[in-house]
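User: I have a chain open here and would like to go through it with you. Could you start with how the strands pair up?

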Amino acid sequence: MKITDQHLQSISVKQGRGTTDLFCDLRPGDGITAKIIQRGSSTALLDFRGRRLTADFTGGVPQGGSVELILSEKSAERI
C-alpha cells in the first residue's frame, strides 16, 4: 500500500502482521489519521486503529503529533 500525506510525501506499508485486515475497508483516495508515537529522521512509529506500524517517509517525518494520510495505491504485494 502506498499512502501520501497532505505534504505529498509517501510511505509504504508492507503486507503482513495483520495489515491486510487493518486496511481492508480502505480504497485509493480514502483519508486516514495516524498518531505519531515515535519518530526518527525518515522513519516513524504510527498508531492507526489501535495498531502500531513502522512507516518510512520519503521526505522525512512530518512535524506534529499526527499525520493525515491518503491511500494512493493498494496492491497484492502492498496492502
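Analyst: Strands E3 and E4 pair in the antiparallel sense over four bridges, where two strands count as paired if DSSP finds at least two bridges between them. Helices (H or I, at least four residues) and strands (E, at least two) are DSSP runs, numbered from the N terminus. This is a predicted model, in which local features need pLDDT of at least 70 and side-chain atom pairs count only at pLDDT 80 or more, while totals for chains, interfaces and linings use all residues. Residues are numbered from 1 along each chain as its sequence is written, and side-chain values use heavy atoms, with hydrogens and water left out.

User: What joins E3 to E4, and which residue is the bridge partner of Gln38?

Analyst: A hairpin joins the two strands through three residues, and Gln38 has Leu45 in E4 as its bridge partner.

User: How many bridges join E3 to E6?

Analyst: Five bridges join E3 to strand E6 (residues 66-73), and these two strands run antiparallel. Within that pairing, Ala34 has Val67 in E6 as its bridge partner.

User: Is Val67 buried or exposed?

Analyst: Val67 is buried, with a relative accessible area of 1%; buried means under 20% relative accessible area, exposed over 50%, and partly exposed in between (1.4 Å probe, protein chains only). The C-alpha atoms of Val67 and Leu46 are separated by 8.8 Å, and these residues are 21 residues apart along the chain.

User: Which residues of the largest nonpolar core touch the most other members?

Analyst: Of its 16 residues, those are Phe23, Leu46, Phe48, Phe57 and Val67, a nonpolar core being a set of buried Ala, Val, Leu, Ile, Met, Phe, Trp, Tyr and Cys residues joined through side-chain atoms within 4.5 Å. The elements that give two or more residues to this core are E3, E4, E5 and E6.

User: Changing topic, how many salt bridges does a search of the whole structure find?

Analyst: The search finds one salt bridge, which is defined as a side-chain nitrogen of Lys or Arg within 4 Å of a carboxyl oxygen of Asp or Glu. The side chains of Arg49 and Asp25 form it, at 2.8 Å from N to O. Arg49 lies in the loop between strand E4 (43-48) and strand E5 (51-57) and Asp25 in the loop between helix H1 (19-22) and strand E3 (31-39), so the pair ties together parts that are 24 residues apart in sequence.

User: And how accessible are Arg49 and Asp25?

Analyst: Arg49 is partly exposed, with a relative accessible area of 47%, and Asp25 is partly exposed, with a relative accessible area of 47%. As for the backbone, phi of Arg49 is near 55°, a positive value in a residue other than glycine.

User: What is the overall pattern of the chain?

Analyst: Along the sequence the chain follows β-β-α-β-β-β-β, which comes to one helix and six strands. Of the 79 residues, 37% are buried. Among contacts (heavy atoms within 4.5 Å) with a separation of 6 or more, 59% come from residues 24 or more positions apart.

User: Which element has the lowest mean pLDDT?

Analyst: Strand E1 (residues 2-5) has the lowest mean pLDDT, 56, whereas E3 has the highest, 91; pLDDT is the predictor's confidence in each residue, from 0 to 100. The chain averages a pLDDT of 79, and 72% of the residues score at least 70.
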